[in-house]
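Here is a note for a colleague who is opening this structure for the first time. The points below can be read alongside the view.

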Amino acid sequence: MIQTDTFQKILGVDPTQLQAFRPDEIQVLNKRISTRKVNGKTGLFIACPIRNKEVQLEHEEYIRQLYGRRLLEEYKYPKDRLKFEYSISLGQEIRRADIVVLDKDQQNTPYIIVEVKKPWLLEGKAQLRSYCDAAGAPIGVWTNGQQASYYYRKHPNYFQEITDIPNSEQTLNDILSEPFTLKSLILKDKLVTEQKSLKDIIVELEDEVLANAGVNVFEEVFKLIFIKLYDEFKSQKDKENIDRFLHQHLSPSGERHTRDYKSVVAEVRDDSFRRMKFRNTGQTDAELRAVLQRLFDGARSQWTGVFPEISTFKLSDKHLSICVSSLQNVKLFNADLQDVEDAFDHLLGGRGSGRSFTPRHVVDMCVKMLNPKRGESMIDPAAGTCRFPIHTVFKITGTSFINAKIPIEEKEYVRKVFGIDFSETAVRVARVLNLIAENEVTNVLPLNALDYERWDDMAENYSVWHRVYGEGFDRLKTLRTEKDGNRLFNFDILMVHPPFGIPIKDRCILNQYRLGSQEDHERPRIRVRHETLFIERSIDLLKPGGRMAIILPQSFFNNTADKSVRDFIATHTRILAVVGLHANTFEPGTAIKTSVLFLQKWNSDPQKGPLCSKVDDYPVFLATSEQSGKDNAGNYIYLTNNDGSPIIEHDLHNHDGELPDGIAEAFIEWAKREELSFWS
């Protein structure tokens with residue numbers, strides 16, 4: 001068989017990376033390919049079953065041959081109904097569609113049009129739509145070999161996504177009206193089967209629908225994700241049945257969305273399963289809106305505090321219908337949080353928060369290095385969408401990111417993990433991300449971490465706030481050092497990425513901090529940067545011997561103006577480590593060079609906390625990341641891990657052995673030699 005590197009050299013593609021096709025499909029096609037010299041260069045050739053002649057393969061032709069054979073062998077379309085490079089009139093211009101399946105009864109009329117040319121979905125879909133409109137074809141398919149999308153042309157300029165195309169014995173209505181259960185959703189989850197990301201889907205909706213809909217895009221998409229979650233939640237009994245079946249038939253190594261996992265799910269009988277409601281099944285747009293509103297009402301009752309008690313959709317019926325078609329085949333519960341977080345980052349981006357979102361592999365490095373244990377308390381005082389708390393929960397409960405439910409017996413440990421943020425929008429997103437991770441015990445509170453003197457006023461004077469967040473706030477108060485004060489707490493661990501550069505001028509806030517006053521401690525400063533106050537606030541939140549990680553701009557470590565802050569840190573904590581992050585880490589959005597500072601609060605009393613006896617001279621772990629996991633444009637750089645799924649390439653940690661040992665592993669080895677209390 002022809003080697004992979006030959007395909008890479010001639011076609012510019014590695015067949016193993018064409019996730020839209022199964023390995024067996026690729027292997028069967030590759031066995032039929034031969035090589036020969038053309039003008040002194042090696043070419044690839046195959047006998048085309050549609051054209052009845054040998055053709056030379058280029059990238060586009062290779063994918064066309066793969067999809068053509070799928071139409072013949074899996075969908076069972078007869079060869080005389082398939083045409084390659086079919087002529088379509090666009091006004092006075094003649095274009096050629098890559099593959100056309102002709103109508104069964106009207107043999108000169110296209111029934112399905114397949115486009116494989118464009119490498120990007122939005123470009124390819126635009127071309128596909130123009131072809132379907134011109135030819136009157138009701139069904140369109142776009143694929144670049146890595147992704148695939150299926151569309152029903154409901155009417156001109158309205159493409160409704162569908163789960164698949166009908167085979168030669170089915171009608172389009174068979175696809176639209178097929179019973180759809182949680183099992184169906186697992187098997188047809190487009191995040192897996194079509195190799196799409198939730199962010200890609202949202203960007204597509206913004207481009208086609210939401211940009212000109214005259215609504216708050218974040219709020220409307222957030223509502224749809226919220227009720228999509230609820231629709232899946234309503235099928236939790238069916239999930240339990242699937243989980244029991246998997247437990248009996250699936251090895252422990254098959255916990256992820258691998259092909260083995262899906263093949264086992266396919267064997268589950270779902271005759272009695274609940275039918276999913278978040279679906280466009282051909283009902284009228286008004287009928288679909290009524291279904292969605294009922295789901296929304298149920299979701300708000302089930303999960304309070306995310307939306308007001310009276311909420312409705314602002315999108316038109318038509319726009320709702322299009323959005324549902326795009327999202328209905330996305331499985332959210334237990335989805336890969338990297339994908340969901342990136343989608344929310346996109347929706348929240350540019351909202352003037354003054355900070356960028358921390359990539360998950362950076363979060364995981366911090367969690368691994370600080371080594372949270374069961375029973376320890378943790379807080380992020382600038383939690384944003386709650387990445388540090390969520391990943392801490394995964395660490396202490398031993399759950400993974402996909403297909404993992406937090407065991408009931410672990411919930412007591414989850415109640416000691418907190419996130420607070422001044423943005424109620426970010427808190428709402430964080431609560432939903434916790435739901436996706438199947439963590440309903442969420443201590444995520446909308447509080448200004450720096451303005452702690454007003455916390456009790458918020459809780460006491462706003463009844464709605466107390467009704468939604470009071471339980472979490474009561475748990476937070478149990479960790480106070482003083483009964484009636486909110487300055488000092490007894491947290492074991494703190495992780496934070498504070499906003500950078502935004503000056504604080506509020507005298508009421510500055511007066512609460514030692515670093516908010518001049519060096520003589522008698523006069524308040526006129527303004528102080530957010531990150532400066534967060535350093536002091538974070539140290540105050542820790543118990544003696546508590547440990548923390550804080551992301552800071554690189555300039556903080558060498559600016560003369562920040563010497564007094566560095567002296568404050570050295571006075572109150574032991575500097576454990578400084579990890580310099582790559583300049584691309586927080587791209588796109590900011591190219592600020594940053595480092596992670598790891599600290600442990602001095603403590604010589606074992607009754608108060610872990611020992612960290614104060615000394616004048618001690619070693620510090622220093623490291624610099626050379627692989628950020630992103631390119632200069634901020635796009636993630638992926639490798640393929642052991643089960644064939646993508647993994648971000650970086651040097652911060654070994655991703656449970658799937659990457660070489662990184663900075664976290666080097667720190668752990670060093671920390672054990674130094675007999676640090678949390679690693680000894």
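Predicted model: local features only at pLDDT ≥ 70, side-chain atom pairs only at ≥ 80, totals over all residues.

How many nonpolar, polar and charged residues does the lining of the second largest cavity have?

1. The lining of the second largest cavity divides by class into four nonpolar, four polar and three charged residues.

2. The residues that line the second largest cavity are Gln160, Glu161, Ile162, Thr163, Ile175, Leu176, Glu178, Phe180, Arg279, Asn280 and Gln328. Two elements, strand E9 (158–161) and helix H5 (172–176), each give two or more residues to this lining. The space in the second largest cavity is about 70 Å³, and the count of cavities of 30 Å³ or more comes to four.

3. Confidence should be kept in view while reading the model, whose chain has an average pLDDT of 86, with 92% of the residues scoring at least 70. Residues 253–259 have a pLDDT below 50, although this stretch has 15 contacts in the model beyond near neighbours in sequence. The pLDDT is also below 50 over residues 350–355, a stretch with 14 contacts in the model beyond near neighbours in sequence.

4. Eight strands make up an open sheet with mixed pairing, and their order is E12-E11-E10-E13-E16-E18-E17-E19. Strand E12 (443–446) and strand E19 (621–624) are at the edges of this sheet, and because each has a single partner strand, one side of each is left without a neighbour in the sheet. From one strand to the next, the twist averages 15°.

5. Helix H15 (residues 360–370) touches strand E13 (491–496), E16, strand E17 (573–580) and E18, and the direction of H15 makes about 20° with that of E18. Helix H23 (residues 563–572) packs on the sheet through contacts with E17 and E18, and the direction of H23 makes about 125° with that of E17.

6. Another open sheet has three strands in the order E1-E2-E3, with antiparallel pairing. Its edge strands, strand E1 (34–38) and strand E3 (53–56), each pair on one side only, and the twist averages 45° from one strand to the next. Strand E2 (residues 41–48) runs antiparallel to E3 and is joined to E3 by four bridges; Ala47 has Glu54 in E3 as its bridge partner.

How values were computed
Residues numbered from 1 in each chain as written. Heavy atoms only, no water. Pairing = 2+ DSSP bridges. Axes fitted to C-alpha atoms, helices over the stretch in contact; angles between N-to-C directions. Contact = heavy atoms within 4.5 Å. 1 Å grid on protein atoms, 1.4 Å probe; cavity = no way out; pocket = protein on both sides within 12 Å on 5 of 7 lines; lining within 4 Å. Points joined across faces, edges and corners; volume = space filled by probe spheres on them. Nonpolar A, V, L, I, M, F, W, Y, C, P; charged D, E, K, R; others polar. pLDDT = per-residue confidence, 0-100.
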